[in-house]
Amino acid sequence: MIENIEIGVDSFATMFNSSGTESIKSDDAMSLLLERIKHADDVGVDVFGIGEHHRKEFLDSATAVILSAAAALTKRIRLASAVAVLSAADPVRVFQNFATLDLISKGRAEMVVGRGSSIEAYPLFGYDLKDYDRLFEEKLDLLLNIRKNEFVTWTGKFRPGLNNLPVYPRPLQNPLPIWLGVGGTPESFVRAGSLGLPLMVAIIGGETARFRPLVDLYRNAGKQAGFKPEELKVGLHSPGYLADTKQKAIDEFYPGYSKVMTKMGKERGWSPMTREGFEHQLGPEGALLVGAPEEVARKIMHHSDALGGISRLTFQMDGADLPHEKLMYSIELIGQTLKPLLIEDVIR
């Protein structure tokens with residue numbers, strides 16, 4: 001059993017039709033995404049996250065708008081960014097957008113903020129990539145200041161200062177949950193711990209256990225800053241997909257996942273995805289959570305043990321060209337089969 005674990009789904013609002021092979025109209029793709037979020041709410045999934053990109057194949061550039069539409073259709077599921085590219089945004093507007101979402105959803109909004117692994121937002125909004133780290137550090141400081149104070153006094157380099165100015169609306173939740181989304185930079189883990197922010201670790205490949213030293217850095221930094229262990233939550237974001245059997249999950253997930261990862265590799269200098277590499281990722285130590293609910297539940301427990309305990313696990317499923325109907329069924333398995341297995345501890 002993983003005590004109090006939350007299970008979620010993340011999406012980049014990709015545009016694929018019911019066969020998963022061709023792009024469809026943007027309005028139809030958005031309707032299907034909202035249908036999936038409502039379905040996740042209906043079947044007991046705890047949280048749904050929307051990413052942020054500024055590319056043709058994704059519809060998630062205005063994350064809070066999508067989540068607000070979802071808030072009107074759902075009742076209990078928490079609604080989060082995954083992640084908001086804070087470095088290229090105005091923290092005042094980010095806070096206002098998510099505070100408004102919090103009011104619409106009656107207290108279900110969350111932010112996961114980060115620097116972003118996709119860099120197209122920086123030139124789009126007039127920022128220089130050489131300021132990648134300093135932008136995030138400064139804007140996170142302002143965002144946390146706004147969360148804490150209704151009237152804000154603040155100065156920085158990349159944005160005009162504020163002199164005792166109010167920021168409205170205020171969210172229903174106090175404080176509004178803000179997670180720090182991180183990749184593999186030690187400084188990011190230490191920053192999250194020093195600030196006492198919950199940590200969302202994005203693992204898109206490799207072995208999950210290799211992040212343990214970084215998670216330990218986070219917890220040690222938090223302890224030194226005076227935060228209690230229960231305040232230092234660790235979440236895990238991993239590619240994954242559930243089907244009735246492991247073989248079916250593999251057969252449905254691999255073709256699209258391989259294509260997408262190979263394309264991404266060309267952009268970022270990675271090697272092409274091979275079937276051998278994919279199979280390795282399916283092993284006990286690998287990041288991929290692909291299979292039937294029982295074996296995926298065991299793997300999540302293994303990952304949690306390897307990282308010293310996790311509080312949240314989110315599946316990234318729509319990066320594999322999967323059709324809407326299969327995503328809907330996988331979401332159903334996550335909420336109605338996988339989650340009870342983790343909570344009830346009936347699989348060890």
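This is a short chat about a predicted model.

Student: What should I know before we start?
Tutor: This is a predicted model, where local features need pLDDT of at least 70, side-chain atom pairs count only at pLDDT 80 or more, and totals for chains, interfaces and linings use all residues. Residues are numbered from 1 along each chain as its sequence is written, and side-chain values use heavy atoms, with hydrogens and water left out.

Student: OK, how do α2 and α3 cross?
Tutor: The axes of α2 (residues 63-71) and α3 (residues 91-104) come within 9 Å and cross at roughly 5 degrees. So α2 is roughly parallel to α3 (angles under 35 degrees count as that). Axes are lines fitted to C-alpha atoms, for helices over the stretch in contact, and angles run from 0 to 180 degrees between N-to-C directions. Helices (H or I, at least four residues) and strands (E, at least two) are DSSP runs, numbered from the N terminus.

Student: Which residues make the contact?
Tutor: T63, A64, L67, S68 and A71 of α2 meet N97, F98, L101 and I104 of α3. Contact means heavy atoms within 4.5 Å.

Student: New topic. Which side chains of β6 are buried?
Tutor: V152 and W154 are; they point to one face. Buried means under 20% relative accessible area, exposed over 50%, partly exposed in between (1.4 Å probe, protein chains only).

Student: Why do they alternate?
Tutor: In a regular strand the side chains alternate between the two faces of the sheet.

Student: And how does β6 pair with β7?
Tutor: In the antiparallel sense, over three bridges. DSSP must find at least two bridges for two strands to pair. F151 stands opposite P166 in β7.

Student: Is N164 buried or partly exposed?
Tutor: N164 counts as partly exposed because its relative accessibility is 46%.

Student: What about D321?
Tutor: D321 also has phi near 55 degrees. D321 lies in the loop between β12 and α11. At 9% relative accessibility, D321 counts as buried.

Student: Which peptide bonds are cis?
Tutor: Among them, one joins A82 and V83, with omega about 0 degrees. Another runs from N174 to P175, with omega near 5 degrees. V83 is in the loop between β3 and β4, and P175 is in the loop between β7 and β8.

Key:
Parallel < 35°, antiparallel > 145°, perpendicular 65-115°, else oblique.
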